[in-house]
Amino acid sequence: MKHRTFFWFILPTLSAMILFIALPIVSVFVQSLFVAHEQVQVVSESCGPFGCTETTSVDLEATQKLREEQPLGRFNGLNTYFNRSHLAIADIGEAWANSDSMGAFWNEVYNLPFYNALSFTLTYTFIVTPLVLMLGLAIAVGVNTLPGALKGLAIFISLLPFLVTPLVGSLILFWMVDGDGVIGATIQNIFNDPSLSLKASTPLMWTMLMVYGVWHTLPFSFITFYAGLQTVPEDTLEAAKIDGASKWQSLILVTVPHLMPLVSFVTLMLIMDNFRVFEPIVSFSADAHARSLSWIIFNDLRESGNPLYASAGATSLLTIILVVILMMPVLVRTWRDFTRKSL
């Protein structure tokens, strides 16, 4: 395709990306450099028969005028990114200087809000993503080998978790692991402990959130790989079989290399989806045990008139940067494959 033709072909999509993605990101970055104005306070003294007392009140007119003159707020620069709620550079330096061991240092870092949320978000992403990839491929291969009469039913059952709204699906699992739920009551009976609760333990809560993540996103991986399996050349599989390759060797040496572009695509989608984990944390009321970066943004903005818009903006920008960093290996591999094929 000629460059001129390609430009006009891509122009509508490029315009939409600039309008709805690039410009909002720039706007969020600009707003994150400012913080809300402090209220203008006036100290007045009132005297009476028993002496004088000072009272402090808010000058509403002066405060409103200040906000009208500087609607973005007071310029704070990059200080929001380095304060205790985000990268916490000063707190990390202090923890490093005062900690007696690496364990104590990491405990101090883990207690910082941003790094606490980052630790769960990364753990969730690095556990759920490979599990969904491997299980999705395994289920796709299994369904592909079923007789034709059973394939339709197997595909329908496999897609059921994907058809359930994330909030509803996480609520269903939350009720099931409750003390009165099927899973919760069964575990209490097995260990003969009526007070045992999965929701009272941080490791068990993390595990439950990841189980839900695998259950909910597995159909996407499965249906994508299943569609890809229909394009595997039959003659190549027959040639591998004639050469003495087992089913496992054919899968590893023929099918998986053929599906690598799909593997890259599914990996990118899963990284972006898992890194913004939010719904199950809210549904499980798990913020006492697990907080994600998306949950921090939501927590900063959920109250009307909250002055932490700059904080939420900074967290949003840092989240975008981290997602790009995580996606870079897959993007680099995809680009190398594309350039190799184009040569």
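This is a predicted model: local features need pLDDT of at least 70, side-chain atom pairs count only at pLDDT 80 or more; totals for chains, interfaces and linings use all residues.

Visitor: Where is Val254 found?
Guide: Val254 sits in helix α12, which covers residues 247-258.

Visitor: Is Val254 buried or exposed?
Guide: Buried. Its relative accessibility is 16%, and buried means under 20%.

Visitor: Which residues is Val254 in contact with, leaving aside neighbours within four places in sequence?
Guide: Thr236, Leu237, Ala240 and Gln249. Take Ala240: 14 residues separate Ala240 and Val254 along the chain, and their C-alpha atoms are 8.0 Å apart.

Visitor: On to pockets. How much space lies in the largest pocket?
Guide: About 570 Å³. Its lining has 16 residues. Nearest the centre are Thr145, Leu237, Lys247, Ser250 and Thr255.

Visitor: Which elements supply at least two residues each to that lining?
Guide: α6 (113-144), α11 (234-242) and α12.

Visitor: And what classes are in the lining of the largest pocket?
Guide: Six residues are nonpolar, six are polar and four are charged.

Visitor: How much space is in the second largest pocket?
Guide: About 370 Å³. It is lined by 16 residues, and Val28, Ile297, Ser316, Thr319 and Ile320 are the closest to its centre.

Visitor: Which elements give two or more residues to the lining of the second largest pocket?
Guide: α1 (3-32), α13 (260-275), α15 (293-301) and α16 (309-342). α16 gives the most, with eight residues.

Visitor: How does the lining of the second largest pocket divide by class?
Guide: Ten nonpolar, five polar and one charged.

Terms used. Residues are numbered from 1 along each chain as its sequence is written. Side-chain values use heavy atoms; hydrogens and water are left out. Helices (H or I, at least four residues) and strands (E, at least two) are DSSP runs, numbered from the N terminus. Buried means under 20% relative accessible area, exposed over 50%, partly exposed in between (1.4 Å probe, protein chains only). Contact means heavy atoms within 4.5 Å. On a 1 Å grid over the protein atoms alone, a cavity is a set of points where a 1.4 Å probe fits but cannot get out, and a pocket is an open set with protein on both sides within 12 Å along at least five of seven lines; lining residues have an atom within 4 Å of a point. Grid points are joined across faces, edges and corners, and a volume is the space filled by probe spheres set on the points. Ala, Val, Leu, Ile, Met, Phe, Trp, Tyr, Cys and Pro count as nonpolar, Asp, Glu, Lys and Arg as charged, and the others, Gly among them, as polar.
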